[in-house]
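Here is a short report for a reader meeting this structure for the first time. Look at the model, then read on.

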Amino acid sequence: MRRLLEMFFDAYLAERDLDRVLSMVSGCILSVGTGVHEVARNREELRRLMEREFQEISEPFSYQISDYTEAAFGEDLKSAFCRVETSLGSGEHGGPAFETRLTAVARKEEDGRWKLISLHMSAPSREQEGEEFFPLKYGRRSAGRPIGERTERKLIQMMSTMLPGGIMGVYLEEGFPLYVINDTMLRYLGYTYEELVQETGEEMIRIIVPEDRERVEKTIRESLESAGEYETQYRVIRKDGTSMWILDKGNEVLTEDGRKALISVMLDISETVGIQEQLRREAQEDGLTGILNRKGALCSIEKALAGSGDGTLLLMDIDNFKKVNDTYGHMAGDRVLVMLAEILQKNMRKGDVVARLGGDEFLAYLTGCSIREIASKRVESIEEQFRKAAEPYSLANLTVSTGIAVRKDESTFEELYREADRALYQVKNGKKGGYAFGEKEPPVPGGND
């Protein structure tokens, strides 16, 4: 983020290169400068502002960034605050210095490049007038009175619409009663204010997906207790019943009536979470069959081993698979692999693991099952279904060989795998088309008898 800002100011102040400046900002850039009319609501308006500025002052500026700090909102959004001291000219001959404060927000675009989506520069003031919400200086011809409530509300409204997310405040009481909410958050949820109040009874815990509520409440309360602020991700329920992922970052405040509350900024990260989930699936799923690959199988079985003491591992290999490719072609070979994957899925329960390890090797893990008779019947059913399904490829004489390992004590996945692999080797070196347990027992003959 800092490097992006340095490149921006190099182009803007030192080089006065408009095209390079615009290449670093998003098309939906929101820019507010220190001047009354220095407001741009998109890249084209920013271009026009800068063109006028460059025509009036073409000389370069020198600048220095200090007091820099930044914060990340997920992987695709960052904000930064810093002080920028500028002076006309460069080096020792620069003119009088002018100090401004900058708040900036950048977003990672689809092409992977970071671009600025919000810029707000202000001149610092060492004074704040009485009870004013905004530290403003008044013109000499004005009455010099603080701005009224109507103007203050308008300014707050303008600022809130420029934030890159929704704003919501809730009381730190049972059900998280609503304290405040902005229009952006209402648009996220798809409600009008009146509809939200009627639907939730102003208990904001009810907009959180039920499965996430306990975790979210625990995270918020523990984080506020230890640090006075929190950051968490969870799903909320829209008016139409769909859910969306949000990044929620907030701080504890004390309201005017002395009640504890929290104010938070919420960003829609559904797209980011969706991409992450897609990448996770692609990393752990077999592209051809749609079942888990080796990495996904290992991850799932490790979880199963940690949660249950019993289980049975099946290692399977398609006999004579090369003949399918040689005789019927590789597309037929792919169909056979998909066929076995579907048969395995149909014969497994929820919580069992099915995976393709590569080539014509498959794996299944029967979570919580250590009864040999059940494992035997499961394997025999799979073998029979596969033989029938493989009849169109009769010239290849396809069968399935299986090695079985029943978990004993606290056996690891590696130990189960070695045991099942030895049993599979025993079958493959026999008559094939059968199964064997990972013990010194003869394999059970299969379809090649």
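## Charged pairs and the overall fold

Glutamate 6 is partly exposed, because its relative accessibility is 23%. Keep in mind that this is a predicted model. What does the side chain of glutamate 6 meet in a salt bridge? The partner is arginine 2, with 3.2 Å from N to O. Arginine 2 is partly exposed too, at a relative accessible area of 32%. Both residues belong to helix α1 (residues 2–15). They sit four residues apart, so about one helical turn separates them.

Side chains of opposite charge can pair when their charged atoms come close. The structure holds 27 salt bridges. Three of them are set out here.

| Pair | N to O distance |
|---|---|
| Glutamate 6 and arginine 2 | 3.2 Å |
| Arginine 47 and aspartate 19 | 3.9 Å |
| Arginine 356 and aspartate 286 | 3.2 Å |

Take the pair of arginine 47 and aspartate 19, joined by a salt bridge. Arginine 47 lies in helix α3 (residues 43–56), and aspartate 19 lies in helix α2 (residues 18–22). The pair therefore ties together parts that are 28 residues apart in sequence. Arginine 47 is partly exposed, with a relative accessible area of 26%. Aspartate 19 counts as exposed, at 54% relative accessibility.

Now turn to arginine 356, which forms a salt bridge with aspartate 286. This pair links distant parts of the chain, 70 residues apart. Arginine 356 is in strand β13 (residues 353–358). Aspartate 286 is in the loop between α8 (270–284) and α9 (294–307). Are arginine 356 and aspartate 286 buried or exposed? Both are buried.

Charge also gathers on the surface. Glu110, Asp111, Asp268 and Glu271 form a patch of negative charge there. Glutamate 110 is located in the loop between β5 (98–108) and β6 (114–122). It counts as exposed, because its relative accessibility is 82%.

Step back to the whole protein. It has 13 helices and 16 strands. Of its 449 residues, 40% are buried. The accessible surface comes to about 25,300 Å². Carbon and sulfur atoms account for 49% of that surface. Contacts tell of the fold as well. Among contacts with a separation of 6 or more, 55% are between residues 24 or more positions apart.

Note on methods: Residues numbered from 1 in each chain as written. Predicted model: local features only at pLDDT ≥ 70, side-chain atom pairs only at ≥ 80, totals over all residues. Heavy atoms only, no water. Patch = residues over 30% accessible without salt bridge, like charges linked within 9 Å, V, L, I, M, F, W, Y side chains within 5 Å. Areas by Shrake-Rupley, 256 points an atom, 1.4 Å probe, with all protein chains shown as cover. Salt bridge = Lys/Arg side-chain N within 4 Å of Asp/Glu carboxyl O. Lys, Arg positive; Asp, Glu negative; His and termini not counted. Charge placed at Lys NZ, Arg CZ, Asp CG, Glu CD. Helix = DSSP H or I, 4+ residues; strand = E, 2+ residues; numbered from the N terminus. Buried < 20%, exposed > 50% of the residue type's maximum accessible area, 1.4 Å probe, protein only. Contact = heavy atoms within 4.5 Å.
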